[in-house]
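This briefing sets out what can be read from the model shown here.

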Amino acid sequence: MKSVFTEISFRFLLLSAFLSLPATSHAQMFSADSDKSKAQNLQPPSRGLYFGPSFTEFTSSSGSGDLSFDGQLATIGFSSSGLTVEGNFGNSSWNPQEVSLFHVGAELGGGIRLLRSGSFALVAPAGISSDYLRASKDGSERDFQQSSFRVAGGLGFSIFTDRLRIQVAAKPSIGFSYSQGSLFGGNVRGVEADVLLGSVRVHSRFSLSTFYSYERLSYDIDGVIYDYELDSHRAGLMVLF
């Protein structure tokens with residue numbers, strides 16, 4: 001399935017090559033120039049609602065779990081300067097399997113500008129996040145329910161011109177995970193990569209953009225029953241305002 005996702009993602013990015021999208025850390029990426037009007041032209045809207053499909057795999061690391069999921073979820077989220085809130089959900093009525101998956105989270109973050117040369121900027125994105133993941137199955141004796149707290153930091157770049165806006169970033173993360181009724185359950189490691197492209201104005205106050213993101217989370221919980229890995233490929237549209 002991953003090879004199919006890779007091909008879909010590659011075609012998606014080619015079709016959106018003439019678009020551009022802002023990220024939540026744009027406010028930290030660019031400082032004010034002496035020419036304020038030029039800086040304002042390069043500063044895209046910092047708030048937006050985004051939505052699209054998420055092609056998701058949820059598999060047991062040890063092979064002993066019975067909550068594996070391989071299907072499509074719906075993604076909806078809100079992004080503002082420094083804050084992102086997102087939800088991913090799907091159930092057996094959408095997929096030819098009995099497992100339902102629900103994943104919701106929030107991230108506070110920004111970026112430190114390391115280098116700027118003309119329209120090019122090199123940045124170091126960072127953030128803290130908390131999320132909740134639940135996988136359930138009719139007739140199963142146990143559900144997977146884990147809340148996690150992670151810190152992340154990475155590297156990225158952006159290119160802003162009057163006609164082209166591109167941002168690429170990658171962030172590994174590490175943190176702890178806990179289940180209901182306990183303080184600590186184990187640790188969780190992750191990596192996230194985002195490609196944000198384009199901005200097409202459709203109204204005086206609104207613009208449309210495209211995005212693609214990949215996320216991988218690895219849960220290492222006490223024992224092996226709840227050791228799972230989550231892989232998600234997301235692509236869709238964002239309404240900026």
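Two strands are said to pair if DSSP finds at least two bridges between them, and helices (H or I, at least four residues) and strands (E, at least two) are DSSP runs, numbered from the N terminus. This is a predicted model, in which local features need pLDDT of at least 70 and side-chain atom pairs count only at pLDDT 80 or more, while totals for chains, interfaces and linings use all residues. Residues are numbered from 1 along each chain as its sequence is written, and side-chain values use heavy atoms, with hydrogens and water left out.

**Overall composition**
- The protein contains 3 helices and 11 strands, which follow one another along the sequence as α-α-α-β-β-β-β-β-β-β-β-β-β-β.
- Of its 241 residues, 42% count as buried, where buried means under 20% relative accessible area, exposed over 50%, and partly exposed in between (1.4 Å probe, protein chains only).
- The protein exposes about 12200 Å², with carbon and sulfur atoms supplying 60% of it; accessible areas come from the Shrake-Rupley method with a 1.4 Å probe, and for residues only the protein chains shown count as cover.
- Among contacts (heavy atoms within 4.5 Å) between residues at least 6 apart in sequence, 61% join residues at least 24 apart.

**Strand pairing around β3**
- Strand β2 (residues 69-80) pairs with β3 in the antiparallel sense over 7 bridges, and Gly 77 stands opposite Glu 86 in β3.
- These two strands, β2 and β3, form a hairpin with 2 residues between them, and Gly 82 in the turn has a positive phi of about 90°.
- β3 also pairs with strand β4 (residues 99-117) in the antiparallel sense, over 8 bridges, and the bridge partner of Gly 90 is Leu 101 in β4.

**Nonpolar cores**
- A nonpolar core is a set of buried Ala, Val, Leu, Ile, Met, Phe, Trp, Tyr and Cys residues joined through side-chain atoms within 4.5 Å.
- The largest such core has 15 residues, of which Phe 58, Leu 101, Leu 133, Ala 135, Phe 144 and Tyr 219 touch the most other members.
- At least two residues of this core come from each of β2, β4, β5 (120-137), β10 and β11 (228-240), and the largest share, 3 residues, comes from β10.
- Apart from this core lies another, of 5 residues, among them Tyr 50, Leu 196, Phe 211 and Met 238.
- Leaving aside neighbours within four places in sequence, the contacts of Leu 133 include Phe 58, Leu 101, Phe 144, Tyr 219 and Leu 230.

- Ser 207, found in strand β10 (residues 207-221), counts as buried because its relative accessibility is 2%.
- Ser 207 and Met 238 are 31 residues apart in sequence and 8.2 Å apart in space, C-alpha to C-alpha, and Met 238 is among the contacts of Ser 207, as are Val 200 and Leu 240.
- Ser 79 lies in strand β2 and counts as buried because its relative accessibility is 8%.
- Ser 79 and Gly 48 are 31 residues apart in sequence and 5.3 Å apart in space, C-alpha to C-alpha.

**Nonpolar surface patch**
- Leu 83, Val 85, Leu 108, Ile 128, Phe 149, Val 151, Ile 174 and Phe 176 form a nonpolar patch on the surface, with about 610 Å² of accessible area together.
- Patches are made of residues with over 30% relative accessible area and no salt bridge, with like charges joined within 9 Å and nonpolar side chains (Val, Leu, Ile, Met, Phe, Trp, Tyr) within 5 Å; a salt bridge is a side-chain nitrogen of Lys or Arg within 4 Å of a carboxyl oxygen of Asp or Glu.
- β3 (83-90), β6 (144-153) and β8 (165-178) each supply at least two residues of the patch.
- Val 151, found in strand β6, counts as partly exposed because its relative accessibility is 41%.
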